[in-house]
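Look first at the inside of the protein shown here, and then at its surface. The text below follows that order.

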Amino acid sequence: MSVKNVTILGHAGKGKTTLAEAMLNVAGVTERMGKVADGNTVSDCDAEEKKRGVSITSSVLQFNYEGTKINVVDTPGLFDFALGSSEGLRAADSAILVVSARSGIAAGAEKAFRNAGKKGISRIIVTSKMDDDRADFYKAFNGLVAKFGTSMCPIVVPIVNGGKVSGYYNMIDDKSYTYNGVHKKETELTHDDEGRFDAIKEVFNEAIAGTDDELMEKYFEGEELTKEDKIKGVTIGVADGTITPVFALSGATGVGVDLLLDFIKDCAPSARDEVAKDSNEEPVSINVDANAPLAAICFKTLADPFIGKLNFFKVISGKLTQGMTVKNARTGEDERVGKLTNTLGIKQSDVKEVTAGDICAIAKLNNFKTGDTMCSADRVVTLNAVDVPDASYSMAIIADKKGEEEKIANAANKLIEEDPSIGFATNNETHQTILSGLGEQQLDVCLSKMKDRYKVSASLIQPKVAYRETISKKVTAQGRHKKQSGGHGQFGDVFIEFEPCDSDELVFDERVVGGSVPKNYFPAVEKGLREAMEKGVLAGYPMVGVKATLFDGSYHPVDSSEMAFKMAASIAYKNGIPNAGPCLLEPYVTLNAVCNDEAMGDVIGDINKRRGRVLGMTPNADGMQEIVAEVPQAEMTTFSTAMRQITQGRGSFTTEFARYERCPENVTEKVIEEAQNEE
């Protein structure tokens with residue numbers, strides 16, 4: 001049986017899950033179509049999805065359609081859950097991009113088109129919501145050509161009669177259809193604008209002819225292209241990317257969805273050969289061959305406390321059977337394969353064997369996670385992993401009940417199994433536990449899942465910034481520690497010169513003459529200073545950039561000790577540093593922000609508001625602008641949200657620690673006040 005793997009991508013709210021529901025219904029898999037608003041779709045089976053009315057994870061739908069097995073990965077459109085799109089792109093060989101025929105191209109569709117192109121995945125565009133009275137296919141199609149270029153090729157177009165859609169015309173079989181529900185009937189229909197229809201038909205014929213020399217010759221000689229010619233041309237063009245098929249349909253009613261399924265069956269590419277790396281990091285070709293050694297990629301993990309752990313695999317070569325022993329290329333460990341299943345949302349059905357080009361889920365694998373390669377021991381290879389989006393939004397997480405920190409950590413690790421775009425780590429400087437992700441909604445879902453699944457409640461607060469303190473001028477200070485309490489006393493006396501220097505830690509030196517401080521006490525003085533510098537005098541942050549020179553002092557032959565000189569050094573620090581022009585340093589990050597041309601001015605304005613400095617701007621290969629800037633870390637907390645709003649989700653950014661710089665006076669005052677309030 002032929003296998004076709006497709007993923008549905010696009011902007012949130014444009015009808016992706018509705019289209020998936022219609023595909024299942026038209027294929028005869030379901031008796032009726034569920035609705036996202038009613039929380040009864042096959043795809044959105046997670047409790048959080050039903051509660052929120054949006055997709056938050058990818059869903060794998062596997063079904064048969066007229067002798068072809070179709071594996072559909074329905075993905076979330078919200079940018080906070082972008083891992084789902086990455087999972088879909090890794091599993092699929094074709095990407096269906098859903099665009100609203102009413103509102104046109106949205107940012108999510110733009111990103112999906114670009115990402116699929118980078119992966120070399122065939123692209124199919126669906127202009128959905130044709131049942132809406134305000135839908136305008138021709139306007140939407142012209143917008144696609146303007147945005148994505150002349151590879152746009154109309155396959156199914158609406159027949160407009162009396163200003164309304166009365167049927168659909170399929171370019172491939174050259175027939176018009178009307179629909180009663182999801183059932184079509186061939187009919188002859190006229191168009192309100194025959195000239196416009198003839199023009200778009202010519203766009204189709206030119207696109208098909210351009211894929212093959214034989215078809216081109218036939219076209220120029222004026223011969224009519226047969227259905228077989230059209231299927232041949234479309235298949236070639238879709239596979240090499242010179243054709244992007246465009247379909248008009250309605251996901252909500254299912255009208256025209258059968259024509260899309262026919263196209264997937266007849267023209268969409270099957271799994272392609274891939275290039276992996278062997279154990280020596282050398283490239284090796286992996287052919288889609290059931291008789292070759294096993295190579296499969298884990299593109300998704302589901303770790304649900306109720307249905308157990310499921311790892312979803314796309315088999316590139318070889319075959320999978322229950323009970324066979326496989327190797328994890330990442331860990332080098334062998335593992336026995338348990339039950340193999342096909343999935344339809346939450347429903348599972350057992351399968352005996354999965355061959356090259358197909359997809360399955362495997363239950364209860366211990367060591368596999370998203371991005372791992374499963375292979376045979378006689379050919380250990382590593383396939384390209386899933387592209388995990390970088391976390392760009394971080395908050396500190398605190399347990400609502402004391403003593404439940406370990407429960408939170410365990411719950412977070414379970415969530416990371418499912419969604420590796422989540423980060424969870426302890427900041428050793430601020431002593432806060434940081435939960436990171438792609439945005440506010442993703443972290444909110446994390447908290448909700450922790451509560452519902454793992455019975456632990458937590459809250460999010462703004463993370464602290466790891467400031468530093470330093471000095472700006474040279475001072476000399478004495479530290480004298482003297483204590484008498486019967487028997488031996490304690491005595492240590494030091495004179496220390498403090499001055500600024502370029503160092504991340506204390507630079508200790510001595511120029512003691514005449515033995516005023518014996519050498520054996522020098523390490524104690526240094527240790528006392530290092531311990532004292534862990535807490536600065538302004539707001540209690542670690543002190544850096546200080547050189548301390550021990551140049552004089554005195555000792556007592558009986559009462560002096562290492563502890564006494566350590567205490568004396570600490571006293572010298574407390575006496576001297578407040579007079580050395582102490583100042584606060586804040587961390588700066590290097591920001592690389594990528595945005596569309598139209599948003600560049602607003603992004604730069606936002607960076608300036610955050611006290612950032614723009615260092616340069618350069619166009620990148622995707623036709624976007626890359627802005628490089630340096631911004632105080634304290635100002636970056638809300639940048640993720642602002643960037644998404646300004647660019648309508650088209651932009652992205654990364655940050656990397658750059659250096660510490662002196663804080664402005666107003667910032668210093670605020671930080672000191674906050675530190676005093678915490679005390």
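The largest cavity has a lining of 18 residues, and those nearest its centre are Ile 56, Thr 57, Glu 418, Asp 419 and Lys 449. A cavity here is a set of points, on a 1 Å grid over the protein atoms alone, where a 1.4 Å probe fits but cannot get out; a lining residue has an atom within 4 Å of a point. The model is predicted: local features need pLDDT of at least 70, side-chain atom pairs count only at pLDDT 80 or more, and totals for chains, interfaces and linings use all residues. Residues are numbered from 1 along each chain as its sequence is written, and side-chain values use heavy atoms, without hydrogens and water.

The volume of the largest cavity is about 220 Å³. Its lining takes at least two residues from each of α3 (83–91), β13, α10 (405–418) and α11 (440–454). Of these, α11 gives the most, with 4 residues. By type, the lining has 8 nonpolar, 5 polar and 5 charged residues.

In total, the structure holds 3 cavities of 30 Å³ or more. The second largest cavity contains about 40 Å³ of space. Among the residues that line the second largest cavity are Tyr 138, His 191 and Arg 196. Both β6 (152–161) and α6 (194–209) supply at least two residues to this lining.

Ile 307 sits in the loop between β13 (295–304) and β14 (308–317). Ile 307 counts as partly exposed because its relative accessibility is 36%, and partly exposed means between buried (under 20%) and exposed (over 50%), with a 1.4 Å probe and protein chains only.

Definitions and conventions
1 Å grid on protein atoms, 1.4 Å probe; cavity = no way out; pocket = protein on both sides within 12 Å on 5 of 7 lines; lining within 4 Å. Points joined across faces, edges and corners; volume = space filled by probe spheres on them. Nonpolar A, V, L, I, M, F, W, Y, C, P; charged D, E, K, R; others polar.
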